[in-house]
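Please read the report below alongside the sequence and the structure.

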Amino acid sequence: SSRLRALSATFVSPPPLLQTAHMANGPAAGQGRPSASRHSRTDPFHFDDDDEEHVAPLRRTSSVGKLVQRTISMEKVIEASGAEIFRPKARAISMTFAPPTPADREVPPVELLMWVLFGVSGWWSANAVTAELPLFVARLPAAEKLGNQLALMTQMGNAFLLVYKVIEQRFCPKIENVIHLMMATATLSLVGCSLMWDIVVDKNSIPLLACMILSGGVGCMSTATYWAFMIAFPPVCTKALGFGMSLGGVLTMVLTAVQMGGCSPEAPRFGVSAFFSLATLLQLLWWGVVLKQQHTNAAQRSPRKNAGGDPMETTSSHSTWESSLVDASAPEVLALKVCCFSIHATTYALPSVLPFAASAYRSAAMKQQLLLWMMVSQQVGEACGRMAA
């Protein structure tokens with residue numbers, strides 16, 4: 001709420017407007033000047049009763065007043081709809097559209113690589129479990145249904161995100177500690193997969209699905225934590241982290257292609273347990289990268305400032321975000337939201353459908369290879385699209 005009010009203050013400064021109104025309507029110049037005690041406030045939208053009679057005409061007639069009204073109304077809508085969960089991501093991404101600053105140009109390539117690996121860590125464990133789907137379909141009783149089951153378990157991980165937001169509002173934990181807990185959970189999930197992936201309970205892979213809930217929870221949590229953490233860094237680092245989130249899926253599929261590319265389901269180059277053991281070691285490596293980035297980049301963690309020395313979050317860097325708030329009720333914006341929802345729904349539903357598409361072939365080896373390379377193509381396409389954007 002306070003950030004939106006500050007953003008609105010960028011477009012209109014109520015005290016000068018009030019001063020103009022008083023001077024225009026008062027019988028004498030001295031009577032029209034507002035006192036410092038009444039208008040030197042930190043909240044420019046808190047008006048006294050006698051202020052309202054002068055502000056109301058401005059609100060009705062001026063475009064600036066309408067902007068204030070619409071922005072405050074949208075603020076209430078956002079808070080009522082629970083959009084606070086995704087606000088850090090929206091703010092971090094909106095900052096990437098601001099003009100480059102010297103801080104952006106000073107980030108060395110090695111540092112950007114570290115941020116890419118930081119982004120890989122969020123969805124790494126969930127991507128690793130999903131990458132083994134071609135072997136799961138061939139070896140486990142659920143067969144093609146496992147694609148649906150794993151996708152469902154991933155979405156159930158959103159419960160972790162909701163619990164985190166409740167805890168955050170109540171206890172305000174340090175985001176760095178939350179990220180470390182996420183890394184520990186992802187590592188534990190991969191260890192569990194390496195030990196219990198083939199355990200079946202009543203024809204269902206219950207231990208595997210339980211581990212997938214943990215991995216999906218870590219991935220969903222990264223939506224709220226990683227972007228909030230990156231707001232304090234130069235936007236070029238945010239772009240690198242976003243690319244890393246997509247690149248993680250490509251890397252896991254590369255490992256899977258090495259494991260079973262050109263092989264039959266019965267004779268992969270190395271087994272499922274070995275794959276998850278390697279994925280666990282890499283998760284620990286990504287954890288080390290996270291630790292390094294948190295402790296060695298404190299100097300970069302300062303708000304970007306404009307030429308006047310004011311934080312960029314209240315000026316041009318958020319003009320795109322502010323415009324989206326103000327125009328959120330426009331028909332074209334609603335159409336854009338519907339299209340975005342449809343694209344996301346199709347993208348995330350595709351992995352659960354691919355095993356059934358591959359099942360049309362009679363040969364087990366053909367089923368596995370077709371499913372493998374369809375999944376590889378999907379991950380490569382996602383990474384290319386993110387890079388192009």
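Gln-149 sits in helix H11, which covers residues 145-156. Helices are DSSP runs of H or I with at least four residues, strands are runs of E with at least two, and both are numbered from the N terminus.

This is a predicted model, in which local features need pLDDT of at least 70 and side-chain atom pairs count only at pLDDT 80 or more, while totals for chains, interfaces and linings use all residues. Residues are numbered from 1 along each chain as its sequence is written, and side-chain values use heavy atoms, with hydrogens and water left out.

Not counting residues up to four places away in sequence, Gln-149 touches Ala-142, Asn-204 and Leu-209; contact means heavy atoms within 4.5 Å. Between Gln-149 and Ser-205 the C-alpha to C-alpha distance is 9.6 Å, and the two are 56 residues apart in sequence.

## Two loop residues with positive phi

Ala-143 is found in the loop between H10 and H11. Its phi is near 50°, a positive value in a residue other than glycine. Ala-143 counts as buried because its relative accessibility is 17%.

Lys-203 belongs to the loop between H13 and H14. Lys-203 is not a glycine either, yet it has a positive phi of about 65°. Is Lys-203 buried or exposed? With a relative accessible area of 66%, Lys-203 is exposed.

## Helix H14

Helix H14 runs over residues 206-230, which makes 25 residues. From first C-alpha to last it reaches 36 Å, close to the 36 Å expected at 1.5 Å a residue; the expected span is 1.5 Å times one less than the number of residues.

Where does H14 bend? The bend is at Ser-222 and comes to about 40°, taken as the angle between axes fitted to the seven residues ending there and the seven starting there. Of the 25 residues of H14, 20 are buried, so the helix is largely enclosed by the rest of the structure.

## Aromatic pairs

A pair of aromatic rings is described by the distance of the centres and the angle of the planes. Rings of Phe, Tyr and Trp (its six-membered ring) pair if their centres lie within 6.5 Å; planes under 30 degrees apart count as stacked, over 60 as edge-to-face and the rest as tilted. By this rule there are ten aromatic pairs. One of them joins Phe-118 and Tyr-226, an edge-to-face pair with 5.0 Å centre to centre and 65° between the planes. This pair links distant parts of the chain: Phe-118 is in helix H9 (residues 109-131) and Tyr-226 in helix H14, 108 residues apart. Phe-118 is buried at a relative accessible area of 0%, and Tyr-226 is buried, also with a value of 0%.

Phe-118 also pairs with Phe-229: the ring centres are 5.8 Å apart and the planes are at 5°, so the pair is stacked. Here too distant parts of the chain are linked, with Phe-118 in helix H9 and Phe-229 in helix H14, 111 residues apart. Phe-118 and Phe-229 are both buried. One aromatic cluster is formed by Trp-115, Phe-118, Tyr-226, Phe-229 and Phe-233.

## Helix H16 and Gln-293

The end C-alpha atoms of H16 are 36 Å apart, which agrees with the 36 Å that its 25 residues should span at 1.5 Å a residue. The buried residues of H16 include Phe-275, Trp-286 and Gln-293. The buried residues of this helix pack against H9, helix H10 (133-139), helix H13 (175-196), H14 and helix H15 (235-260).

Gln-293 lies in helix H16, residues 272-296, and counts as buried at 0% relative accessibility. Which residues is Gln-293 in contact with, leaving aside its neighbours within four places in sequence? They are Glu-111, Met-114, Trp-115 and Phe-118. With Glu-111 there is a polar contact, side chain to side chain, at 3.0 Å. A polar contact is a pair of N or O atoms within 3.5 Å; within protein, one must be able to donate a hydrogen and the other to accept it, and residues adjacent in sequence count only if both atoms are side-chain atoms.

## Cysteines

A disulfide is a pair of cysteine sulfur atoms within 2.5 Å, and by this rule the count is zero. Cys-237 is buried, with a relative accessible area of 0%, whereas Cys-384 is partly exposed at 48%.

Technical notes: Buried < 20%, exposed > 50% of the residue type's maximum accessible area, 1.4 Å probe, protein only.
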